[in-house]
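Dear colleague,

Please find the structure below, handed over for your study. The notes after it set out what was found.

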Amino acid sequence: SRRQERARSVPSPDIADAMEHLRRLDLTDDNARRYYDKHLTRLARTLSLVPLPRSCGRILELGCYMQLTPFLESWLGYSEVRGAAYGDGKARHVATVGGEPFELDLELFDVERDRFPYSDGFFETVIAAELIEHLARDPMAFLLECNRVLENGGRLLITTPNAASLTSVARALHGYDNPQIYSKYSRTGDSPHVREYTAFELRSAVQCAGDHGQEDVVDR
């Protein structure tokens, strides 16, 4: 499409560009705004790593909270954006960017137990941002399904805390905190960080699941 042709003709976005676009997301809930502002740099870094469309123009965001999702179409140029989250069935979600609504039907399923509701090779890009560290049962099943729904040569973008980061190592050496970035027990039903990986572990797991090509790991 013309939108995809334009996207391929421009250089990959940088963090400053990503942050400028992300600041346009309208959030009326105070708690949501505080969380968003706290994690804005991380979100901008993730968005800047999303590869531009080059083939079918279809992208899937797993663990979708509608924070990055609108910009996959309006800024990066993907022609078909899908989102998924934990649950059953579908749920209609709406985000507003600069007063303009962006609507999406989220598919709800368990990435560790369920077959993803997409055909083989349907997407050229899959995003799994801050997700794998929450998986307690079968993260390899999740990676295998990502591999299945990616087209040949598709891209899988994973971001997750790095268990061997300087912050984690310092925590372990000083002994004043748990080395995991987020190790608190949850009283709200949210899944805590079950396991944080090193970059080597994660790369090895992705390759064992059937490496389609490029995987990105954001270190923290």
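Arg 171 belongs to helix α7 (residues 166-174). Its relative accessible area is 17%, so Arg 171 is buried. Buried stands for under 20% relative accessible area, exposed for over 50%, and partly exposed for what lies in between (1.4 Å probe, protein chains only).

Please note that this is a predicted model, in which local features need pLDDT of at least 70 and side-chain atom pairs count only at pLDDT 80 or more, while totals for chains, interfaces and linings use all residues. Residues are numbered from 1 along each chain as its sequence is written, and side-chain values use heavy atoms, with hydrogens and water left out.

The chain as a whole

The secondary structure comes to eight helices and eight strands. Helices (H or I, at least four residues) and strands (E, at least two) are DSSP runs, numbered from the N terminus. Of the 220 residues in the chain, 44% are buried. Among contacts between residues at least 6 apart in sequence, 67% join residues at least 24 apart.

Strand β6 and its neighbours

Strand β6 covers residues 123-129, and seven of its seven residues are buried. Which strands pair with β6? Strand β2 (residues 58-62) pairs with β6 in the parallel sense over four bridges, and strand β7 (residues 150-159) pairs with β6 in the parallel sense over six bridges. Two strands count as paired if DSSP finds at least two bridges between them. Leu 62 has Ala 128 of β6 as its bridge partner, and Ala 129 stands opposite Thr 159 in β7. Together, β6, helix α6 (residues 139-149) and β7 make a right-handed β-α-β unit. Right-handed here means that, with the strands pointing away from the viewer, the path from the first strand over the helix to the second runs clockwise.

The nonpolar cores

A nonpolar core is a set of buried Ala, Val, Leu, Ile, Met, Phe, Trp, Tyr and Cys residues joined through side-chain atoms within 4.5 Å. The largest one has 29 residues, and those with the most contacts inside it are Leu 22, Leu 47, Val 50, Ile 59, Leu 72, Leu 76 and Ile 127. Two or more residues of this core come from each of α2 (15-22), α4 (40-49), α5 (69-74), β4 (89-97), β5 (100-108) and β6. Apart from it lies another core, of 26 residues, including Leu 60, Ile 132, Cys 146 and Tyr 197.

Ile 59 lies in strand β2. Is Ile 59 buried or exposed? Its relative accessibility is 0%, so Ile 59 counts as buried. Beyond its neighbours within four places in sequence, Ile 59 is in contact with residues including Val 50, Leu 72, Tyr 78, Phe 123 and Ile 127. Ile 59 and Ser 79 are 20 residues apart in sequence, and their C-alpha atoms are 8.4 Å apart in space.

Two helices with a buried side

In α2, Ala 18, Met 19 and Leu 22 are buried. They cover an arc of only 100° around the axis, which means that they are on the same side of α2; the arc is that of the directions from the helix axis to the C-beta atoms. An α-helix has 3.6 residues a turn, so residues three or four places apart point the same way. The face of α2 turned away from the buried side carries the exposed residues Ala 16 and Glu 20. The buried residues of α2 pack against β1 (25-26), α3 (30-38), α4 and α5.

In helix α8 (residues 199-208), Ala 199, Leu 202, Ala 205 and Val 206 are buried. Their arc around the axis is only 130°, so they are on the same side of α8. On the other side of α8, Phe 200 and Cys 208 are exposed. Just after α8, Gly 210 takes a positive phi of about 110°.

A loop and the cysteines

Gly 87 is found in the loop between β3 (80-85) and β4. Gly 87 touches Leu 108, Phe 109 and Asp 110, not counting residues up to four places away in sequence. The count of disulfides comes to zero, a disulfide being a pair of cysteine sulfur atoms within 2.5 Å.

Definitions and conventions: Contact means heavy atoms within 4.5 Å.
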